Amino acid sequence: MSVLRSFAEKLIALLPPKLQPMARWRFIKFGLVGASGTVINIAVLAFSQEFLFRHIADSHDRLNYSIALAITIATISNFYWNRRMTWHDRQNAVQQSALVLFAKYVMAAALSILIQFLVTKWLAIYLHYAIANILAIALASAFNFLANDRLTFRRRKNEPPDPSDSPMGHP
């Protein structure tokens, strides 16, 4: 395991200093939660389209309801798991209700979606749209992580850094 950790540390050291904390274990957990949210989103979308809202005759309306439900459930799931897993160590440090935290989480997600949309549109002028979208997703994900780390689940000023921020959860 120390070989893997050493390799991970060398890769992280190649990043600019401001980006290095994101490559630590907390960002990996954030990515895993995001991946699970994607699976939930797709599953709810398919279930809604094929079963839950199949009685809605207009296909555009059915899709709108299905997308809204899929995004809502995936966002709630991502918030729950990020709060429980990614930033679990800050549960006591954050002196706000879950509803206030959720509102901040949703605002960060909405801003990330806007960033992804705008960057994709801009980069698609110069690159293939799929490559533009992948780059935009990476940028929006980094922004979303930083917004949640620094605002939604921020650490108290006197709180020491969490050892799980290092690769593989080791100090």
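A crossing of two helices is right-handed if the near helix is turned clockwise from the far one by less than a right angle. With that in hand, here are some friendly notes on this predicted model.

1. **Overall make-up.** The protein chain has five helices and zero strands. Read from the N terminus, the order of elements is α-α-α-α-α.

2. **H4 against H5.** Helix H4 covers residues 98–123 and helix H5 covers residues 129–152; their axes come within 8 Å and cross at roughly 155 degrees. Angles over 145 degrees count as roughly antiparallel, and H4 and H5 are therefore roughly antiparallel to each other. Sorted by class, the residues in the contact of H4 with H5 are 18 nonpolar, seven polar and one charged.

3. **H2 against H5.** Helix H5 also meets helix H2, residues 25–52, with axes that come within 11 Å and cross at roughly 115 degrees. Since 65 to 115 degrees counts as roughly perpendicular, that makes H2 roughly perpendicular to H5. The crossing of H2 and H5 is right-handed too.

4. **Who touches whom in H2 and H5.** On the H2 side you will find Arg26, Phe27 and Phe30, and on the H5 side Ser141, Ala142, Asn144, Phe145, Asn148 and Asp149. By class, this contact of H2 with H5 has four nonpolar, three polar and two charged residues.

5. Thr152 lies in helix H5. Is Thr152 buried or exposed? Its relative accessible area is 2%, and buried means under 20%, so Thr152 is buried. Thr152 and Val100 are 52 residues apart in sequence, yet their C-alpha atoms are 8.8 Å apart in space.

6. **The chain as a whole.** How much of the protein chain is buried? Of its 171 residues, 31% are buried. The chain exposes about 11100 Å², with carbon and sulfur atoms supplying 70% of that area. As for contacts along the chain, take those between residues at least 6 apart in sequence: 67% of them join residues at least 24 apart.

7. **Where to start viewing.** If you have a moment, bring up H4 and H5 together and look for their roughly antiparallel arrangement.

Terms used: Residues numbered from 1 in each chain as written. Predicted model: local features only at pLDDT ≥ 70, side-chain atom pairs only at ≥ 80, totals over all residues. Heavy atoms only, no water. Axes fitted to C-alpha atoms, helices over the stretch in contact; angles between N-to-C directions. Helix = DSSP H or I, 4+ residues; strand = E, 2+ residues; numbered from the N terminus. Parallel < 35°, antiparallel > 145°, perpendicular 65-115°, else oblique. Nonpolar A, V, L, I, M, F, W, Y, C, P; charged D, E, K, R; others polar. Buried < 20%, exposed > 50% of the residue type's maximum accessible area, 1.4 Å probe, protein only. Contact = heavy atoms within 4.5 Å. Areas by Shrake-Rupley, 256 points an atom, 1.4 Å probe, with all protein chains shown as cover.
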